[in-house]
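Hi,

Here is the structure I promised to pass on to you.

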Amino acid sequence: MVDRTLLAALLAVATSGCATPRTGAPTLTFEAPNAAHPTGSVVVQGVPDAKLDAARALLVVRTQESRDADGPAIFGTTTSDGGVVRYEPRFAFLSGVAYHAEFRGTELGLAHLARTFHAAVRPGTERAGEPAPRVVAVHPSGARVPANLLRMYVTFSEPMRARDIHAFVRVLDDDGAEVEQAFVEFEHGIWDDARRRLTLLFHPGRLKRGVGPNLRMGPPLEAGRRYTLVIDDALRDELGRPLGASFEKSFVVEADDRSSPDPRRWTVTAPVAAGAPLDVALDEPLDHALLSRMLTVTNVAGEPVVGDVRVGDGETRWTLAPKEPWRAGEYILWVDPALEDLAGNTPGQLFDRGPIERSASGAPRGPFGMPFSFSP
Amino acid sequence: MKLTCWLAPFLVPCVAFAGDGAQPASKAAADVASISALAFGPDGVLFLGDSRAGAVHALDLGERDAPSEGTRYAMLDIEARIAALVGTKEADVMIHDLAADPRSRAVYLAVSRGRAKQTMEWHIPNEVADADILIRVVPDGSIELVEYGAMKRTSVKLPNPTDDHAHLWKPDTTVRGDAITDMAFVDGHLLVSGLSNEEFAAVLWRVPYPFDGKVASTTLEIFHGAHGEYETYAPIRAFVPYDFDGEPYVLASYLCTPFVEFEANALQDAEHIRGRTIAELGSGNYPVDMIVYSKGGEDRVLIANSNLPMMILKTADIASFDGELTTEPDGYIAGVPYEVRSGTGITQMDRLGDDAIVMLQRMSNGKLQLATWSTERF
């Protein structure tokens, strides 16, 4: 569901900044302050020589605050020497400030490039010998996702700093251009309690067919293209240690998923031994976080079976290894009706259609129990 | 220095100062290390008070536009607008001083990107950051960067400005930022208030302009009503020059909030003078800025305060006040009568021609507005 505030915000910020196909192959990078360029730089490389001079005026660097307010660029100078277009701010880029750089290359028949960056890492409190934080998982874990993908989860090895998290996260298309407004940008992001798992929520308003942002901007991902999720190397953990290297995960986008998951098509394999796991093969990849808590097992008396839940095979397999051995008898696998697939469709309802319009599969809408039995 | 590097190709030859006090005063152009205070002099000269360098610079603004009468500013979020241009967050923009050009009516602002360091109510901007950005707001509302490093200027070293020791009662704060607290140009001289390294720390420097390398230092002593004693270590926070019957005076105000009169003719080098405390305006407050204006044929002093309403003292009332406050008054209000006007959250103020006043005011929504008021309101 998209609340009204969110929709209003989406409508307010809707712009025409979406990436467009390009003919050249320029790149847009941020360079931290160094001896040659003491205030830092934003550099566009790969502009044909004949277009270098004209390209200078197309590189616009703003604070994220100013960009959000459609405000002016930062005082600075842009040169086109040595085959690169280089912007240098009049006053050095500051740590703790989010900046946005944009190369409006389409005016020269080049790509439109845009990215948000943090200028400098904060004074670190690194301790020698301790491993840097790293990304340990991204879900969906598969290489292919539907174009109406609703969420991504990024799991880190350490509790992370949440401040301005969206300045460190971006999605690039196969031209290397940043997908504008791909995610709903909550100020400090959506984190689990341990602040190790970050939830990235694709703009629901752009995904829901027929609502304003969808009509104005279209969905953030296009079927048939390859995208890359990038987590910036400057992101730090709670102790101030940076990731060290930026993290990238590429994925191919397929057609929209406009069907509900259907538990009746799952294959439930009863445990083969008292200590063996219950194994459930799903009919399609489901939401990783929801899978971890929305499938439960009880005995026929309603007593829960506690154990170790694992989600695997690109979120198409769910297993439960019981803490106590299975006892001979009947069990029930319960499916929470709110369980979603990658596109936010639940068994009884498509993400962007009301519950009255039953999903085409006719899958059950209420809590749904699937019996199985264990016999040693 | 960062600014020097940036502007190296354009720099006029400059003189480096080796240290405080030991060097003879110079009139050559020196690097600007901080823009602690701004004041206009004659013919488009903008004085930059530089606490960090312990110097004053005279910046030649060159040919200016003709005076534009009736200029009015109404900019509701000037910090956000400056933030976008200098590459920081709105919450980090700090304006250290404001001066309006009497000729062009452009407003000049001394700016730093250090407001996040302003962590206590009593922090004055110069105590937590050095302003290194000079901004010019022109009457059409656009904001320009003044590249003062590349502009023609002369400089003079102030003798013996305070060193950088810890502030008496503000934690994590040093006093060098108070080396220069306010400036005003009068009768061919720039008056500079601040702190020196002398035994009597509070000081008024009297600097002839054009600079000839000579600076007269006079240390100050006043009776501070809220403290119930004579003091020498607190600096003037705001002052204005004013002539009574052809005799020049300095009307000055201090933290907590004594209002004091000094005879300007007594501002001689190496002298120590005692001011006459003629009003106590209330404690828990400091004066932000003072100006003199005329209304109904009489001159008035308008004071913007950090924690109290705006105050108006008629110069006729000051002239006719014969007494001197030498005891701690009840409620810390005594002496020359004054009127109050609404106006809180004023952080900077200056005259804008004869009929208007330009102010920076913190609004209830947290935004800082640049606004103009008619002197008739006061």
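The largest nonpolar core in this predicted model has 175 residues, and B:Leu38 and B:Val111 are the ones with the most contacts inside it. The element that gives the most to this core is helix 2 of chain B (residues 78-86), with 7 residues. If you click on B:Val111 and leave aside its neighbours within four places in sequence, you will find it in contact with B:Ile82, B:Val86, B:Val93, B:Met94, B:Ile95, B:His96, B:Ala131, B:Ile133 and B:Ile135. As a general point, nonpolar side chains tend to be buried together in soluble globular proteins. There is also a second, separate core of 16 residues, and A:Leu295, A:Leu320, A:Val335 and A:Leu339 are among them.

Staying with chain A, its secondary structure comes to 6 helices and 22 strands. Of its 376 residues, 38% are buried. Looking at the contacts in chain A with a separation of 6 or more, 67% are between residues 24 or more positions apart.

One sheet to look at in chain A is an open one of 4 strands, with the order 16-17-20-19 and antiparallel pairing. Strand 16 (267-269) and strand 19 (307-312) each have a single partner strand, so they stand at the edges with one side left without a neighbour in the sheet. On average, neighbouring strands here are turned by 15° against each other, direction ignored. Within this sheet, strand 17 (residues 278-281) and strand 20 (residues 317-322) of chain A pair in the antiparallel sense over 4 bridges. A:Ala281 has A:Arg317 of strand 20 as its bridge partner.

Over in chain B, strand 26 (residues 356-362) and strand 27 run antiparallel and are joined by 7 bridges. B:Gln361 stands opposite B:Gln369 of strand 27. These two strands form a hairpin with 5 residues between them, and B:Gly366 in the turn has a positive phi of about 90°. Strand 27 (residues 368-374) also pairs with strand 4 (residues 74-75) of chain B, in the antiparallel sense and over 2 bridges. There, B:Ala74 has B:Ala371 as its bridge partner.

Finally, where do the chains meet? On the chain A side, 15 residues are in contact with 13 residues of chain B. Strand 3 (59-63) and helix 3 (64-68) of chain A are the elements that give two or more residues to that side. By class, the side of chain A that touches chain B has 9 nonpolar, 3 polar and 3 charged residues.

Best wishes

Definitions and conventions: Residues numbered from 1 in each chain as written. Chains lettered and ligands numbered in written order. Predicted model: local features only at pLDDT ≥ 70, side-chain atom pairs only at ≥ 80, totals over all residues. Buried ≥ 20, exposed ≤ 12 C-beta atoms within 10 Å, placed from the backbone. Contact = placed C-beta atoms within 7 Å. Pairing = 2+ DSSP bridges. Axes fitted to C-alpha atoms, helices over the stretch in contact; angles between N-to-C directions. Core = buried A, V, L, I, M, F, W, Y, C linked by C-beta atoms within 7 Å. Nonpolar A, V, L, I, M, F, W, Y, C, P; charged D, E, K, R; others polar.
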